[in-house]
Amino acid sequence: MHSEAVASRSAEHRDSRESRNGSTPHLDAVSLAIIQQLQEDGRRPYAAIGKAVGLSEAAVRQRVQKLLDQGVMQIVAVTDPLTVGFRRQAMVGINVEGDVESIAEALTDMSEVEYVVMTAGSFDILAEIVCEDDDHLLDVINKRIRALPGVRSTESFVYLKLKKQTYMWGTR
């Protein structure tokens, strides 16, 4: 399974750990319980969530909207890329000269890039790419990623089989 949500690439959700004012939102036990309910079933009715967490349907609706507005969570459809025409996935390690953040920002604007993280270690950036086929992957890496000013080198890790991908991290 893999997220195909365009919203995940929007500027509003680029770093979901910070609210729009730059601070980390405080989540109380009720908000955490609402998130847990939605992780179990993103289509669960607000009335059912309200019963589980001790709030009215309207109060749950308001809290969910606030969590969405703060970038704490997203509610998206998760698909299997193979079933919707994407036959090739890869993780690309990228080494950068200069400003890592500008390269990361450029990657987030590419529709094929589903995941971007700045790292410490062998690579400055890891980017997950989902493509239609090997030719499409080659085009993205060779003509778009390597063409970005400041990209020094890339290393590609082509997925042979995805064994596990979950979005059930819980609410610690």
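Helices α1 and α2 are oblique to each other (oblique is what remains once angles under 35 degrees count as roughly parallel, over 145 as roughly antiparallel and 65 to 115 as roughly perpendicular). This is a predicted model, in which local features need pLDDT of at least 70 and side-chain atom pairs count only at pLDDT 80 or more, while totals for chains, interfaces and linings use all residues. Residues are numbered from 1 along each chain as its sequence is written, and side-chain values use heavy atoms, leaving out hydrogens and water.

**Overall organisation**

- The chain contains five helices and six strands (DSSP runs of H or I with at least four residues, and of E with at least two).
- Read from the N terminus, the order of these elements is β-α-α-α-β-β-α-β-β-α-β.
- The chain has 172 residues, of which 33% count as buried (under 20% relative accessible area with a 1.4 Å probe; over 50% is exposed, and values in between are partly exposed).
- Among contacts in the chain with a separation of 6 or more, 68% come from residues 24 or more positions apart (contact means heavy atoms within 4.5 Å).

**Packing of α1 against α2**

- Helix α1 covers residues 29-40 and helix α2 covers residues 46-53; their axes come within 10 Å and cross at roughly 130° (axes are lines fitted to C-alpha atoms over the stretch in contact, with angles from 0 to 180 degrees between N-to-C directions).
- On the α1 side, Val30, Ala33, Ile34, Gln37 and Leu38 take part, and they meet Ile49, Ala52 and Val53 of α2.
- By class, this contact between α1 and α2 comprises seven nonpolar residues, one polar residue and no charged residues.

- Glu112 sits in the loop that links α4 (100-108) to β4 (113-118).
- With a relative accessible area of 10%, Glu112 is buried.
- The side chains of Glu112 and Ser111 are joined by a polar contact of 3.5 Å (a pair of N or O atoms within 3.5 Å, one able to donate a hydrogen and the other to accept it; for residues adjacent in sequence, both must be side-chain atoms).
- Leaving aside residues up to four places away in sequence, Glu112 touches Glu128, Ile129, Val130, Cys131, His136, Val140 and Arg144.

**Position of Lys161**

- Lys161 belongs to the segment that follows β6 (151-158).
- The relative accessible area of Lys161 is 67%, and Lys161 is therefore exposed.
- From Lys161 to Gln89 the C-alpha to C-alpha distance is 9.3 Å, although the two are 72 residues apart in sequence.

Methods
Ala, Val, Leu, Ile, Met, Phe, Trp, Tyr, Cys and Pro count as nonpolar, Asp, Glu, Lys and Arg as charged, and the others, Gly among them, as polar.
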